[in-house]
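Work through the exercises below with the sequence and the 3D view open. Try each task before you read its solution.

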Amino acid sequence: MREQEGGGGSRGGREGRQELPPQSPEEQARAICLRLLTGSARTRRQLADALHKRGIPEEVSQEVLSRYEEVGLIDDAAFAGAWVESRHRGRGLARRALAQELRTKGVHATLVEEALEQLDSDQEEETARELVERKLRATRGLDRDKRIRRLAGMLARKGYPEGMALRVVRRALEAEGQHPDDADGLGYPGE
């Protein structure tokens, strides 16, 4: 009964199972990095930011992060490649959106470019077509201009260039049987 009154319960049980907390800043930094890397891959900058938030001195952070890079626990190039593959396939994001996401995660520009090389224009356009096909049904019943705006807007939010987006949407509408009556071929009313 005394254990429960003294803050026992689940917290006491958890504390009882833990080893002594790391004492040195190096040990703390290693423990923080390992805990974060256990959940998912992280970039060097994401880990550096986490260490900074927890008050780990900069020189200690850099030493620990460099060692983790040496042994392969941190690999920004592999992270970027996996990110591009996953986000392009899973969410249909285009190169522009993927590059922005990787930059915000602290991936160096050269590594971003290398990772994006795995996507070519044809593959990107094919993904755009698939995205439009999935959304096409939801726009039926709307007028042509509104459908074009919605579908092209969806592609734009995913980082597709305007020209590609309009071309893909126009072709999808034409394949569906909605031929441009008074349009210039790009979805804008003709003169």
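Keep in mind that the model is predicted.

**Exercise 1. The whole chain**

Task: How many helices and strands are there in the protein chain? What percentage of its residues count as buried?

Solution: 
- Step 1. Count the elements. The protein chain has 11 helices and zero strands.
- Step 2. Read along the sequence. The pattern is α-α-α-α-α-α-α-α-α-α-α.
- Step 3. Turn to burial. The protein chain has 191 residues, and 36% of them count as buried.
- Step 4. Look at contacts between residues at least 6 apart in sequence. Of these, 62% join residues at least 24 apart.

**Exercise 2. Helices H3 and H4**

Task: At what angle do the axes of H3 and H4 cross? Which residues of the two helices meet?

Solution: 
- Step 1. Find the helices. H3 covers residues 25-39, and H4 covers residues 44-53.
- Step 2. Compare the axes. They come within 10 Å and cross at roughly 130°.
- Step 3. Classify the angle. Angles over 145 degrees count as roughly antiparallel, and 65 to 115 as roughly perpendicular. H3 and H4 are therefore oblique to each other.
- Step 4. The crossing of H3 and H4 is right-handed.
- Step 5. List the residues that meet. H3 brings Ala29, Ile32, Cys33, Leu36 and Leu37; H4 brings Leu47, Ala50 and Leu51.

**Exercise 3. Helices H6 and H8**

Task: How far apart are the axes of H6 and H8? Is their crossing left-handed or right-handed?

Solution: 
- Step 1. Take the distance and angle. The axes of H6 (residues 76-91) and H8 are 9 Å apart, at an angle of about 40°.
- Step 2. Classify the pair. H6 and H8 are therefore oblique to each other.
- Step 3. H6 and H8 cross in a right-handed way.
- Step 4. Name the contact residues. Asp76, Ala77, Ala80, Gly81 and Val84 of H6 make the contact with Leu111, Ala115 and Leu116 of H8.

**Exercise 4. Lysine 105**

Task: Where is lysine 105 found? Which side chain of opposite charge is nearest to lysine 105?

Solution: 
- Step 1. Lysine 105 lies in the loop between H7 (95-104) and H8 (109-116).
- Step 2. Check its surroundings. Lysine 105 is buried. Leaving out residues up to four places away in sequence, lysine 105 touches Thr43, Arg45, Gln46, Phe79 and Trp83.
- Step 3. Look for a partner. The nearest side chain of opposite charge is glutamate 101, 7.1 Å away. A salt bridge needs a distance within 4 Å, and lysine 105 has none.

Notes:
Residues numbered from 1 in each chain as written. Predicted model: local features only at pLDDT ≥ 70, side-chain atom pairs only at ≥ 80, totals over all residues. Heavy atoms only, no water. Helix = DSSP H or I, 4+ residues; strand = E, 2+ residues; numbered from the N terminus. Buried < 20%, exposed > 50% of the residue type's maximum accessible area, 1.4 Å probe, protein only. Lys, Arg positive; Asp, Glu negative; His and termini not counted. Contact = heavy atoms within 4.5 Å. Axes fitted to C-alpha atoms, helices over the stretch in contact; angles between N-to-C directions. Parallel < 35°, antiparallel > 145°, perpendicular 65-115°, else oblique. Left-handed = near helix turned anticlockwise from the far one by under 90°.
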